[in-house]
Every structure is written in structure tokens, then in C-alpha cells.
Amino acid sequence: MLVLSRRVGERLFIGNDIVVTIIDVRSDGVRVGIDAPREIRVTRAEIFEAVEQHNVEAASADDSALEKLRELAPKSTPAVTPAPTPAPTPAPEAETPGA
């Protein structure tokens, strides 16, 4: 891990397209601004860890939870068979002049 000392207003670059700026320093924490491209996801660690934990809990649901979900699901309706398409009517034959 790289550890740096920075003052308010100072920046550091990560690669060519991410800029981290020190916004404010207080006794209880540091405010940091992050300028990154939209395709780069920036997430606080505590949020990431909470989502990860919820995903683990959801993936390990027991049979009773699965049964409760089945009870909540709408009852399936019988499949509707579409009506057959009527056969095309033959085009009238053209009259031959003088016949």
C-alpha cells in the first residue's frame, strides 16, 4: 500500500484519467474528491462490503424462504394456444380479352 501525505487542494493521479483531490481535512476525517471516467465504478468500502454480505445471505437462502417466495409468486395461468391462421384466398383469374 502506498501511503502519502497531502494538504488541502493537493491532488494525486491514478493512471492517466483518475484524479483524487483533498477537499477538506477535519479532526474526524478527510473529504476527498474523485474525478474518474463514468465507466470506472467508485464505491465506498463499507457499501461494497454490505452489498457483498447481502448477496451471500441471499444466495444461502433455505428451503422455507424459497417456499415463501413461491407463495408470493402469481399463480401461473394455462397457456393460450393461438387460433390457426386462415388460409389465403386464391386470387381471381384474369379474363382473357376476346375469349
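Author: Let's begin with a rule: two strands count as paired if DSSP finds at least two bridges between them. Please keep in mind that the structure above is a predicted model.

Reader: What makes E2 and E3 a pair?

Author: Strand E2 and strand E3, which covers residues 29–35, are joined by 7 bridges. The rule asks for at least two, so E2 and E3 pair. The two strands run antiparallel. Between E2 and E3 the chain makes a hairpin through 2 residues.

Reader: How do you know that E1 pairs with E2?

Author: We apply the rule again. Strand E1 (residues 11–14) is joined to strand E2 (residues 18–26) by 4 bridges, and the requirement is at least two. The conclusion is therefore that E1 and E2 pair, and they run antiparallel. Phenylalanine 13, for example, has valine 19 in E2 as its bridge partner. This hairpin has 3 residues between the strands, and glycine 15 takes a positive phi near 65° there.

Reader: Why are E1 and E3 said to stand at the edges?

Author: The 3 strands form an open, antiparallel sheet in the order E1-E2-E3. E1 and E3 each have a single partner strand, so one side of each has no neighbour in the sheet. Ignoring direction, neighbouring strands here are turned by 25° against each other on average.

Reader: Why is valine 19 called buried?

Author: Valine 19 has a relative accessible area of 15%. Buried means under 20%, so valine 19 is buried. This residue sits in strand E2. Setting aside neighbours within four places in sequence, valine 19 is in contact with Arg11, Leu12, Phe13, Gly33, Ile34 and Asp35. Valine 19 and isoleucine 34 are 15 residues apart in sequence, with 5.8 Å between their C-alpha atoms.

Reader: What makes aspartate 24 and arginine 26 a salt bridge?

Author: The closest N and O atoms of aspartate 24 and arginine 26 are 2.9 Å apart. The cut-off is within 4 Å, so the two residues form a salt bridge. Side chains of opposite charge can pair when their charged atoms come close.

Reader: How do you know that arginine 70 and glutamate 67 form a salt bridge?

Author: Their closest N and O atoms are 3.8 Å apart. That value is within 4 Å, so the pair counts as a salt bridge. Both residues lie in helix H2 (residues 63–72), separated by 3 residues, about one turn of the helix. A search of the whole structure finds 4 salt bridges, including one between glutamate 46 and arginine 44 at 3.3 Å, N to O.

Reader: Are arginine 44 and glutamate 46 exposed or partly exposed, and why?

Author: Exposed means over 50%. Arginine 44 has 54% relative accessibility, so arginine 44 is exposed. Glutamate 46 has 47%, so glutamate 46 is partly exposed. Partly exposed also describes arginine 26 at 49%, glutamate 67 at 38% and aspartate 24 at 22%.

Reader: Which residues form the nonpolar patch on the surface?

Author: The patch is formed by Val8, Val25, Val30, Val32, Ile34, Ile40 and Val42, with about 580 Å² of accessible area together. Its residues have over 30% relative accessible area and no salt bridge. E3 gives the most to the patch, with 3 residues. Valine 30 is found in strand E3.

Note on methods:
Residues are numbered from 1 along each chain as its sequence is written. This is a predicted model: local features need pLDDT of at least 70, side-chain atom pairs count only at pLDDT 80 or more; totals for chains, interfaces and linings use all residues. Side-chain values use heavy atoms; hydrogens and water are left out. Patches are made of residues with over 30% relative accessible area and no salt bridge: like charges are joined within 9 Å, nonpolar side chains (Val, Leu, Ile, Met, Phe, Trp, Tyr) within 5 Å. Accessible areas come from the Shrake-Rupley method with a 1.4 Å probe; for residues, only the protein chains shown count as cover. A salt bridge is a side-chain nitrogen of Lys or Arg within 4 Å of a carboxyl oxygen of Asp or Glu. Buried means under 20% relative accessible area, exposed over 50%, partly exposed in between (1.4 Å probe, protein chains only). Contact means heavy atoms within 4.5 Å. Axes are lines fitted to C-alpha atoms, for helices over the stretch in contact, and angles run from 0 to 180 degrees between N-to-C directions.
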